[in-house]
Amino acid sequence: MSEVSAPRAPVALGILLSGRGSNFMAIAEAIRAGRLQGCTIAVVLSNVADAPGLLAAQELGLSTVTLVSKGTPRAEHDRNMVEALRRHGVDLVVLAGYMRVLTAEFLRAFPDRVLNIHPSLLPAFPGLHAQRQALEYGAAVAGCTVHFVDEAVDHGVIVLQRTVPVEPMDTEETLADRILNVEHLAYPEAIARVLSGGYAVRGRRYLPAEPLAS
Ligand code: GRF
């Protein structure tokens with residue numbers, strides 16, 4: 001990826017989640033409050049039938065799709081997801097606590113159009129239990145990262161990071177809560193940044209685009 005060409009407004013988001021869905025709710029609230037202009041949630045898709053986030057989406061009257069991944073070969077499951085996202089006209093895929101690694105085929109279907117949020121300052125502490133990893137390592141600063149998704153886990157180009165302090169009395173739960181609060185601000189802000197189109201990617205760096213020559 002060398003240039004970020006933003007999807008054109010109106011932009012249809014496809015949210016993928018597996019659980020609680022608090023980041024999805026923060027994005028939905030940002031749209032409702034007019035902080036993500038030109039953006040709609042076209043569909044909320046879950047691989048877990050009783051994910052609380054899916055129920056929350058139904059209560060908001062959003063289109064939802066359940067595609068249970070357990071027992072389905074990964075390639076077939078991801079093909080089904082691509083088909084559902086295309087059917088809903090999705091321009092930008094937003095992973096919001098989606099707990100499976102996407103196949104290369106899925107990523108090819110949405111090139112430079114898949115975002116994820118991770119509860120650490122990448123490249124530190126990728127993978128599961130990032131907050132526990134930060135505590136065990138003795139990090140003094142923690143935070144979250146919104147990044148484009150590529151084929152490696154928690155690896156793609158970083159759009160935005162936000163930090164929080166690690167306090168001496170922190171447990172995994174208190175640190176996770178503090179990080180989650182900034183996640184809820186960071187994700188809508190990162191989506192707005194991507195949709196603004198005013199950025200380019202050089203190497204791994206997501207930078208303001210050169211101003212147009214006058
Ligand atoms: C968040 O901590 C996010 O960073 C990670 O999974 C968690 C999802 O939480 N990828 P929620 O379902 O959005 O509440």
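A residue is called buried here when its relative accessible area is under 20%, exposed when the area is over 50%, and partly exposed in between, using a 1.4 Å probe and protein chains only. By that rule Phe110, with a relative accessible area of 5%, is buried. The model is predicted, so local features need pLDDT of at least 70 and side-chain atom pairs count only at pLDDT 80 or more, while totals for chains, interfaces and linings use all residues. Residues are numbered from 1 along each chain as its sequence is written, and side-chain values use heavy atoms, with hydrogens and water left out. Helices (H or I, at least four residues) and strands (E, at least two) are DSSP runs, numbered from the N terminus.

**Helix 1 and its surroundings**

- Helix 1 (residues 22–32) packs with helix 6 (residues 172–196) at an angle of about 50°, their axes lying 9 Å apart; axes are lines fitted to C-alpha atoms, for helices over the stretch in contact, and angles run from 0 to 180 degrees between N-to-C directions.
- Helix 1 and helix 6 are therefore oblique to each other, given that angles under 35 degrees count as roughly parallel, over 145 as roughly antiparallel, 65 to 115 as roughly perpendicular and the rest as oblique.
- On the helix 1 side, Ser22, Asn23, Ala26, Ile27 and Ala30 meet Leu180, Glu183, His184, Tyr187, Pro188 and Ile191 of helix 6, where contact means heavy atoms within 4.5 Å.
- The buried residues of helix 1 are Ser22, Asn23, Phe24, Ala26, Ile27, Ala28 and Ala30, and their packing partners include strand 1 (11–17), strand 2 (39–46), helix 2 (52–59) and helix 6.
- After helix 1 comes Gly34, which has a positive phi near 80°.

**Helix 5 against helix 6**

- Helix 5 and helix 6 pack at an angle of about 120°, with 9 Å between their axes.
- In this contact Gln131, Arg132, Ala134 and Leu135 of helix 5 meet Glu172, Leu175, Ala176 and Ile179 of helix 6.

**Aromatic pairs**

- The structure holds 4 aromatic pairs, a pair being rings of Phe, Tyr and Trp (its six-membered ring) whose centres lie within 6.5 Å, with planes under 30 degrees apart counted as stacked, over 60 as edge-to-face and the rest as tilted.
- One of them joins Phe106 and Phe110 in a tilted arrangement, at 5.6 Å centre to centre and 40° between the planes; Phe106 counts as buried at 1% relative accessibility.
- The rings of Tyr199 and Tyr206 have centres 5.0 Å apart and planes at 5°, so this pair is stacked.
- Tyr199 counts as buried at 19% relative accessibility, and Tyr206 is buried with a relative accessible area of 10%.
- Ring pairs also link Phe148, Tyr199 and Tyr206 into a cluster.

**The loop between strand 5 and helix 5**

- Most residues other than glycine have a negative phi, and most peptide bonds are trans.
- Pro123 lies in this loop between strand 5 and helix 5, and the peptide bond from Leu122 to Pro123 is cis, with omega near 15°.
- Phe125, also placed in the loop between strand 5 and helix 5, has a positive phi of about 55° although it is not a glycine, and it counts as buried at 15% relative accessibility.
- His129 is found in the loop between strand 5 (114–118) and helix 5 (130–137); its phi is positive, near 55°, and the residue is partly exposed, with a relative accessible area of 41%.
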